[in-house]
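Hello,

Here is the structure we talked about handing over. Please have a look at it first, and then read on for what turned up.

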Amino acid sequence: MARHPARAVADLLLSGVVAAGATASGALLFAVAEGGYETLPNLVRGAGIPGAIAVVLAPLIALRISGPRLVRAVLVGALAGIAGTAALELVRETGFRAFDSMPGDIAMLMGVLLKNQIMQGPDTASNITGWTYHVWNGAMFGVTYAVLVGGFPFRKRGGGTAGAVMGTVYGLLLGVGFLASPVPNAVGAGEWGAEMWPKFQITVVLAHAGFGALAGWLVHRLGTRIAPVWAVAGELLPGLRGRGPGGAGT
């Protein structure tokens, strides 16, 4: 049964709000801060907290007016992003500690920036703060992926593999974005990590690929009832309404 087009429009608009909120409250703030444009605490107060509120409120609004798709996507995406972050950290910590492939612990750096104690260095409170922020970033990347892609492809055989491959591509794009950001230069690895070539780049790429592969697989496995955003858009086309996954309330 097809939804009324107005509900599909609301779903699309609120999906955009969630994606924008996840971006505004996620790792983009760290990159902007490392670029010297503003301090991380100010960015969190000015953009991060409002973005986080949007990620929470928009799905609740969608639940009332357009169906449960967005709530499911946020919950599944956050869980997948947190699990993906664990995979990323396994690779990053191995590279950092065993191969000296990174100049420092980025989560600890996030903590001292958030606590505004660069000169004092890290302590227990700043480490907890940094790791919490790091995990939140991973959750937001997972949310964005789930909101956009959902459980696609909807196939019983090979679907999990396809989901992992799609997630890996997503993770690799995030890795390239990280390398292109001001962060590598700010932490002492040089632009694109050139001063630690090739260990830095290999660690970054493998870590983000691991994040994406696990997150993509989990979103596919747990999000089989979550329609991708293009299926929602297809509901606005009379010939596609009610066809396939992504019908009313999905």
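A residue is called buried at under 20% relative accessible area, exposed at over 50%, and partly exposed in between (1.4 Å probe, protein chains only). At 46% relative accessibility, Ile 53 therefore counts as partly exposed.

Some background before the rest: this is a predicted model, in which local features need pLDDT of at least 70 and side-chain atom pairs count only at pLDDT 80 or more, while totals for chains, interfaces and linings use all residues. Residues are numbered from 1 along each chain as its sequence is written, and side-chain values use heavy atoms, with hydrogens and water left out.

Back to Ile 53, which lies in helix α3 (residues 40-65); helices are DSSP runs of H or I with at least four residues, numbered from the N terminus. Together with Ile 49, Val 56, Leu 57, Leu 60, Ile 61 and Ile 65, Ile 53 forms a nonpolar surface patch with about 620 Å² of accessible area (Shrake-Rupley method, 1.4 Å probe, only the protein chains shown counting as cover). Residues in a patch have over 30% relative accessible area and no salt bridge, and nonpolar side chains are joined within 5 Å, like charges within 9 Å.

Next, the salt bridges: a side-chain nitrogen of Lys or Arg lies within 4 Å of a carboxyl oxygen of Asp or Glu. The structure holds five of these salt bridges. Glu 89 pairs with Arg 92, with the closest N and O atoms 2.7 Å apart, and both sit in helix α4 (residues 69-98), about one turn from each other. Arg 92 also bridges to Glu 93 at 3.0 Å. Glu 93 in turn bridges to Arg 97 at 2.5 Å. Glu 93 is buried, with a relative accessible area of 17%, whereas Arg 97 counts as exposed at 62%. Through shared partners, salt bridges join Glu 89, Arg 92, Glu 93, Arg 97 and Asp 105 into one network.

Finally, the aromatic rings. Rings of Phe, Tyr and Trp (its six-membered ring) pair if their centres lie within 6.5 Å; planes under 30 degrees apart count as stacked, over 60 as edge-to-face and the rest as tilted. By this rule there are four aromatic pairs. Tyr 145 and Tyr 170 have ring centres 5.1 Å apart and planes at 45°, so the pair is tilted. Tyr 145 is in helix α6 (residues 124-149) and Tyr 170 in helix α7 (residues 159-180), so the pair ties together parts that are 25 residues apart in sequence. Both tyrosines, Tyr 145 and Tyr 170, are buried.

Best wishes

Note on methods: Helices (H or I, at least four residues) and strands (E, at least two) are DSSP runs, numbered from the N terminus.
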